Amino acid sequence: MKILSIETSCDETAAAVIENGHILANVVASQINIHKKTGGVVPEVASRAHVEKIIPVIDEALDTAKTKLDDIDAIAVTTGPGLVGSLLVGVEAAKTLAYAINKPIIPINHLEGHIYANWINYEPKLPAVALTVSGGHTSLIYIKKINELKVIGETLDDAAGEAYDKVAQILGLGYPGGPAIDQACLKDKSKIKIDLPRPMLDRNDFSFSGLKTAVLYKVMKLKLDAKTKNQVANEFQKAMVETLVSKTIETAKKRKAKTVLLSGGVAANKFLRSELEKVARDNGFEFHVPEFQYCTDNAAMIARAAEIKLQNKKPRDWSQIEANANLGL
Ligand code: KG4
Ligand code: ZN
């Protein structure tokens, strides 16, 4: 079975083709250069960029997969959560194509995509605990069976990636903030510590707005030269990673998980990957993080989620799906 998948929930226009677990194409047109100018995503600008890119991206995915549209058996598309103007572009494209070729649609939740990215070229041992960290989410998920996802904790305010982006803005390090802070940390050689909070360690949910505000107050008291910026970036990253690792491992222990999974755009962070892997393995868990191209927003993860969902859910007719900015798991 061949599935064409489409993902436009935020600022990447993406399409992929999958056939029985094999990714035949994974095309992503990133809008990062457009949003750099404004230091963040302007929703209206994002949806216009999706309109321009959606057809060329789908065409490229089909070409790369050496597949004609007529050979596609179903279309998977992210229906939410995300920016509604962005989601609409992908959803309308999927509906139009499904109608044209008379094939069903598999609606996918963006978060399911990030979680099931762990099933690309890998079969995690279950039960598992998955940490999904991106610009829009910070979620701890318990996976008892492949089709049973239970949300254990979520962010009450800023997502982890959002906190990275905002702290980078406070420090004047540029957009997107995650990679910029990652770089700044590597340059920090100072021995002096700047104390920052590790928020809500005893709770399942996350909250990062207090950490962000703590950075802002520290910065107001400091002379912000290049050295201090690197130092604050490093302390922020340590606080963030310690919080994420501690909550994930505690949950994995409580739930008697076999595997700890990490995914989402912030999983690109080397320090987070290495710390979580080390602590997970030290505690006897298996650990897995998808390849980098499947961590940041992409359509391959949507395609894989669609294959997994098809195991016990029927696909839908084009007329039955719609974009939902606040779609829950
Ligand atoms: O999953 P993703 O591509 O989009 C959303 O669904 O939001 O994640 C984007 C987020 C951004 O906030 C970006 O700053 C963060 O992932 N990010 C990183 C790194 N690379 C990207 N955060 C920390 N360290 C990185 N190396
Ligand atoms: Zn995402």
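Analyst: Let's start with the polar contacts, meaning pairs of N or O atoms within 3.5 Å. An N or O atom in the side chain of S134 is 3.4 Å from an oxygen atom of ligand 1. D182 also uses its side chain: one of its polar atoms is 3.0 Å from a nitrogen atom of ligand 1. On its own, ligand 1 would expose 560 Å², and the protein buries 89% of that (Shrake-Rupley areas, 1.4 Å probe).

A word on the model: it is predicted, so to speak of a local feature takes pLDDT of at least 70, side-chain atom pairs count only at pLDDT 80 or more, and totals for chains, interfaces and linings use all residues. Residues are numbered from 1 along each chain as its sequence is written, chains are lettered from A and ligands numbered from 1 in the order written, and side-chain values use heavy atoms, with hydrogens and water left out.

Now the shell: 19 residues surround ligand 1, and the closest are G135, D165, G178, D182 and N269 (near means a heavy atom within 4 Å). By type, the shell has five nonpolar, eleven polar and three charged residues; here Ala, Val, Leu, Ile, Met, Phe, Trp, Tyr, Cys and Pro are nonpolar, Asp, Glu, Lys and Arg charged, and the others, Gly among them, polar. Helix 6 gives the largest share of the shell, four residues. The elements contributing two or more are helix 4 (110–116), helix 5 (160–170) and helix 6 (177–187); helices (H or I, at least four residues) and strands (E, at least two) are DSSP runs numbered from the N terminus.

Zooming out, the chain has ten helices and ten strands. Its C-alpha atoms fill a box of roughly 65 × 45 × 30 Å along the principal axes.

Some of the loops have backbone details to check. G80 and P81 are joined by a cis peptide bond, omega about -10 degrees, and P81 sits in the loop between strand 4 (74–80) and helix 3 (84–101). Another cis bond runs from L126 to P127, with omega near 0 degrees; P127 is in the loop between helix 4 and strand 6 (128–133). Finally, M200 is not a glycine, yet has a positive phi of about 50 degrees. Look for M200 in the loop that links helix 6 and helix 7 (209–221).

Conventions:
A polar contact is a pair of N or O atoms within 3.5 Å; within protein, one must be able to donate a hydrogen and the other to accept it, and residues adjacent in sequence count only if both atoms are side-chain atoms.
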